[in-house]
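This briefing concerns side-chain pairing and helix packing in the structure shown below. It is arranged by topic for use alongside the coordinates.

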Amino acid sequence: MDALRIILQVLLVITSGFLTLLILLHKGKGGGLSDMFGGGVTASAGSSGVAERNLNRITISFAVVWALVIVLLGLIQKVA
């Protein structure tokens, strides 16, 4: 049980880091903090629609794994 908890905690740290980076890679929609720090200039250059869709899919996948790891850690904690 302790080995599973350690594996899940390591997985949680890894997915949290990747999820943070993936969210920061998204293009700003404008009107927020991204425009304040110069994001509006790069938003006009933009990226391709395919790259943005793939980034969305990867981000959602990491978010689902992250949520599952949290639920599993909660269940293990409740049993122990």
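**Salt bridge, helix packing and aromatic pair**

Asp2 is exposed, with a relative accessible area of 53%, which is over the 50% cut-off. The model is predicted. It holds one salt bridge and one aromatic pair.

**Salt bridge**
- Asp2 forms the salt bridge with Arg5, and their closest N and O atoms are 3.9 Å apart.
- This distance falls within the 4 Å limit for a salt bridge.
- Both Asp2 and Arg5 belong to helix H1 (residues 2–25), where they are three residues apart, about one turn of the helix.
- Arg5 has a relative accessible area of 22% and is therefore partly exposed, since buried means under 20%.

**Packing of H1 and H4**
- Helix H4 (residues 49–79) and H1 have axes that come within 9 Å and cross at roughly 150 degrees.
- H1 is therefore roughly antiparallel to H4, a term applied to angles over 145 degrees.
- The crossing of H1 and H4 is left-handed.
- The residues of the contact of H1 with H4 comprise 20 nonpolar, five polar and one charged.

**Aromatic pair**
- The structure holds one aromatic pair, in which the rings of Phe18 and Phe62 have centres 5.5 Å apart and planes at 45 degrees, so the pair is tilted.
- Phe18 lies in helix H1 and Phe62 in helix H4, 44 residues apart, and the pair thus links distant parts of the chain.
- Phe18 is partly exposed, at 43% relative accessibility.
- Phe62 is also partly exposed, with a relative accessible area of 25%.

Definitions and conventions:
Residues numbered from 1 in each chain as written. Predicted model: local features only at pLDDT ≥ 70, side-chain atom pairs only at ≥ 80, totals over all residues. Heavy atoms only, no water. Salt bridge = Lys/Arg side-chain N within 4 Å of Asp/Glu carboxyl O. Helix = DSSP H or I, 4+ residues; strand = E, 2+ residues; numbered from the N terminus. Buried < 20%, exposed > 50% of the residue type's maximum accessible area, 1.4 Å probe, protein only. Axes fitted to C-alpha atoms, helices over the stretch in contact; angles between N-to-C directions. Parallel < 35°, antiparallel > 145°, perpendicular 65-115°, else oblique. Left-handed = near helix turned anticlockwise from the far one by under 90°. Nonpolar A, V, L, I, M, F, W, Y, C, P; charged D, E, K, R; others polar. Phe/Tyr/Trp six-rings, centres within 6.5 Å; stacked < 30°, edge-to-face > 60°.
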